[in-house]
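I opened this notebook to record what I looked up in the model, one topic at a time. The sequence and structure come first, and my entries follow.

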Amino acid sequence: NLPAEIKELYGYNPEKAKNMLADAGYPNGFQTDYYCTTAPADTDFASLLKFQWEKLGVTLNIKAMDPVALADIKYPIPEPKYHGTTSGGGPVSNPLLFFDTQFKSKAGGNFSVWSDPVFDDMLSRANLSIDADERNRLVKDMALRILNAVTEIPLYSTVARMYYWPWVKNYYGEFTNTDDGTFGSLIQLMWIDE
């Protein structure tokens, strides 16, 4: 269970959000750019965000671009080349890998450029720990720290689907066989039945 103060941060309350914007010096809201790819799913999602955020006084200027151009501005380390917001994902099945790639200082997926030495130390200790109870406690504490800092707004999780032709052999629908969340390591084990 989440602490009440974190539940309040992520609860749907448009009036409170408008008041928070006013308290932060934006009584009439503000504009920001939202960067996404030109893929229909991405532009549809951007349109949904634009519609929802307009209710709060936040105007999204959708900047749809090809995936290579988007990657070029999103992934320079330690700081992205864009000003605004974007969306992304990570390997959520392994919290330590997710934290390491998305929230650690100067991580490639840390688009908010959040840096917290206490979090980094906790992550280092969790990665080195062989005590499952200690690791689980640290993961929970790190998750609460991330949520409390509001480094990003978690929007949704999706289930990946894998489709393949029946002549692809030695493949059974898995997404990865390693802990890095990549598909590439599986390709070397497959073959085509000609």
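This is a predicted model: local features need pLDDT of at least 70, side-chain atom pairs count only at pLDDT 80 or more; totals for chains, interfaces and linings use all residues.

Residues are numbered from 1 along each chain as its sequence is written, and side-chain values use heavy atoms, with hydrogens and water left out.

Entry on salt bridges. I took a salt bridge as a side-chain nitrogen of Lys or Arg within 4 Å of a carboxyl oxygen of Asp or Glu, and I found that the structure holds 8 salt bridges. One of them joins K104 to D100, with the closest N and O atoms 3.1 Å apart; D100 is partly exposed, because its relative accessible area is 26%, and K104 is likewise partly exposed at 31%. I also looked up the pair D72 and K81, whose closest N and O atoms are 3.2 Å apart. Here D72 counts as partly exposed because its relative accessibility is 43%, whereas K81 counts as exposed at 52%.

The pair K18 and E15 forms a salt bridge with an N to O distance of 3.5 Å. The two residues are 3 apart in helix 2 and so are separated by about one helical turn, where helices are DSSP runs of H or I with at least four residues, strands are runs of E with at least two, and both are numbered from the N terminus. An α-helix has 3.6 residues a turn, so residues three or four places apart point the same way. I recorded K18 as partly exposed, at 33% relative accessible area, and E15 as partly exposed, at 48%.

Entry on helix 5. Which residues of helix 5 are buried? In this helix, residues 95-102, I listed L96, L97, F98, F99 and Q102 as buried, and these residues pack against helix 6 (117-128) and helix 7 (132-149); contact here means heavy atoms within 4.5 Å.

Entry on S129. I located S129 in the loop between helix 6 and helix 7, and I classed S129 as buried because its relative accessible area is 10%. A polar atom of the S129 side chain lies 3.1 Å from the backbone nitrogen of D131. Once neighbours within four places in sequence are left aside, S129 is in contact with E134 and R135.

Entry on the strands. How many of the residues of strand 1 are buried? I counted 6 of the 8 in strand 1 (residues 30-37), which is mostly covered. Strand 1 and strand 2 (residues 58-65) run parallel and are joined by 8 bridges, with two strands taken as paired if DSSP finds at least two bridges between them. Within this pair, T37 stands opposite M65.

Entry on M20. I placed M20 in helix 2, residues 14-23, and M20 counts as partly exposed because its relative accessibility is 48%.

Terms used. Buried means under 20% relative accessible area, exposed over 50%, partly exposed in between (1.4 Å probe, protein chains only). A polar contact is a pair of N or O atoms within 3.5 Å; within protein, one must be able to donate a hydrogen and the other to accept it, and residues adjacent in sequence count only if both atoms are side-chain atoms.
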